[in-house]
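The points are grouped by topic.

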Amino acid sequence: MKNIKFILAGIFFGIVLTKGEAISWYRMQEMFHFQSFHMFGIFMTAIPVGALSIMVLRKLNIKTTEGDSISIPDKTFHKGIIFGSLIFGFGWALTGACPGPIYAQLGSGVLVTIVTLASALFGTWTYALVRENLPH
Amino acid sequence: MEILYKPWPWYVAGPLIGLTVPLLLLLGNKRLGISSTLRQICAACAPANINFLKYDWKKEGWNLFFVGGLFIGGYLAGNVFGNPEPVAISTSAAATMNSWGIASFGGQMPESLFNFSSMLSLKGFLLIVVGGFMVGFGTRYAGGCTSGHGIFGLSNLQWPSLLATALFFAGGIIISTWVLPYILQL
């Protein structure tokens, strides 16, 4: 039952991504060709709002709804960020989807996205399998 | 009522996407990130004795509920209240699409390219199956995707996330500019 709030948060995120057309293959290609401000505008407003929020949460030492303190571990650099990010970028342009939008696209009724999701799962599984042999 | 069906401009969608960051932190000190759910599903369904998939995935089970909600949100905003009009991409983007043989911009993606029978052609296989594989492989290798690095990591001023996001775009630009036009001619 305590997970219902995360379903609701997911519904919110899904509605915003979809209504903002951030799950649109057309919008992604337009962005990669610098042919519209739309997607850049989304990133350039989402990030400052997120950053400002984190700053406020920290400054006021705000707790979660369950009374726990909020702590965020740092992201550490490893070589996988270089190779992995490029590989994901390639896939992003082909499918027009990041992992989040895949779920929303599926929900919006593009049934073939189930194959994109299955392929992405197989990609993650393959990474897990060969992980120890990859440069990190 | 018509307003419910209309897409939202960037200055509405962007800040609301940003607010998902404090929302999840407040709801339980959770970090926005979607690609980790792919690992979660692999760990739950096919751990196959792989070290990277042997962990207590139920402990982070919240994110499976989150993507369940994401699916419902897509259904509501894309189906029940879906925009019946084609996506209003810019005229220059429309010209690029036309040069690729894509004449209309309805739905989330060109239906002629993304369907179950096209998947069996080389073109569809590259777009859907190979593309999807790269998304799953690349995000886990990079330790995050557009949400985990691009929105959350950058909101938390993490330089590895800045590098990751720059390279997501670099990869996308390379494929969209120099490779995709050839794939679409297949």
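The model described here is predicted. Chain A contains six helices and zero strands, while chain B contains seven helices and zero strands. The contact between the chains takes 100 residues from chain A and 110 residues from chain B.

**Chain A**

- Along the sequence, the elements of chain A follow the pattern α-α-α-α-α-α.
- The C-alpha atoms of chain A occupy a box of roughly 45 × 40 × 35 Å along the principal axes.
- Of the 136 residues in chain A, 55% are buried.
- Among the contacts in chain A with a separation of 6 or more, 45% join residues 24 or more positions apart.

**Chain B**

- Read from the N terminus, chain B runs α-α-α-α-α-α-α.
- The C-alpha trace of chain B spans about 50 × 45 × 35 Å along its principal axes.
- Buried residues account for 49% of the 186 residues of chain B.
- In chain B, 52% of the contacts with a separation of 6 or more are between residues 24 or more positions apart.

**Contact between the chains**

- Chain A contributes 100 residues to the contact, and chain B contributes 110 residues.
- On the side of chain A that touches chain B, two or more residues come from each of H1, helix H2 (25-32), helix H3 (38-59), helix H4 (80-95), H5 and H6 of chain A.
- H4(A) supplies the largest share of that side, 16 residues.
- By residue class, the side of chain A that touches chain B comprises 54 nonpolar, 36 polar and 10 charged residues.

**Packing of H1(A) against H3(B)**

- Two packed helices are described by the angle between their axes and the distance between the axes.
- For H1(A) and H3(B), the angle is about 40° and the axes are 6 Å apart.
- H1(A) and H3(B) are therefore oblique to each other, since an angle is roughly parallel only under 35 degrees and roughly perpendicular from 65 to 115.
- The crossing of H1(A) and H3(B) is right-handed.
- The residues in the contact of H1(A) with H3(B) comprise 17 nonpolar, eight polar and one charged.

**Helix H5 of chain A**

- Helix H5 of chain A covers residues 99-107 and is mostly covered, with nine of its nine residues buried.
- These buried residues are Pro99(A), Gly100(A), Pro101(A), Ile102(A), Tyr103(A), Ala104(A), Gln105(A), Leu106(A) and Gly107(A).
- Within chain A, the cover over the buried residues of H5(A) includes helix H1 (4-19) and helix H6 (113-130).
- From chain B, the cover over H5(A) includes helix H2 (36-45), helix H3 (62-80), helix H5 (122-142) and helix H6 (146-155).
- Just after H5(A), Gly109(A) adopts a positive phi of about 110°.

**Largest nonpolar core**

- The largest nonpolar core holds 92 residues, of which Ile42(A), Phe88(A), Ala93(A), Ala13(B) and Ile151(B) touch the most other members.
- H5(B) provides the largest share of this core, nine residues.
- Leaving aside residues up to four places away in sequence, Ile151(B) touches Ala46(A), Ile47(A) and Gly50(A) in chain A.

Terms used. Residues are numbered from 1 along each chain as its sequence is written. Chains are lettered from A and ligands numbered from 1 in the order in which they are written. This is a predicted model: local features need pLDDT of at least 70, side-chain atom pairs count only at pLDDT 80 or more; totals for chains, interfaces and linings use all residues. A residue is buried if 20 or more other C-beta atoms lie within 10 Å of its own, exposed if 12 or fewer, and partly exposed in between; C-beta atoms are placed from the backbone. Helices (H or I, at least four residues) and strands (E, at least two) are DSSP runs, numbered from the N terminus. Two residues are in contact if their C-beta atoms, placed from the backbone, lie within 7 Å. Axes are lines fitted to C-alpha atoms, for helices over the stretch in contact, and angles run from 0 to 180 degrees between N-to-C directions. Angles under 35 degrees count as roughly parallel, over 145 as roughly antiparallel, 65 to 115 as roughly perpendicular and the rest as oblique. A crossing is left-handed if the near helix is turned anticlockwise from the far one by less than a right angle, and right-handed if clockwise. Ala, Val, Leu, Ile, Met, Phe, Trp, Tyr, Cys and Pro count as nonpolar, Asp, Glu, Lys and Arg as charged, and the others, Gly among them, as polar. A nonpolar core is a set of buried Ala, Val, Leu, Ile, Met, Phe, Trp, Tyr and Cys residues joined through C-beta atoms within 7 Å.
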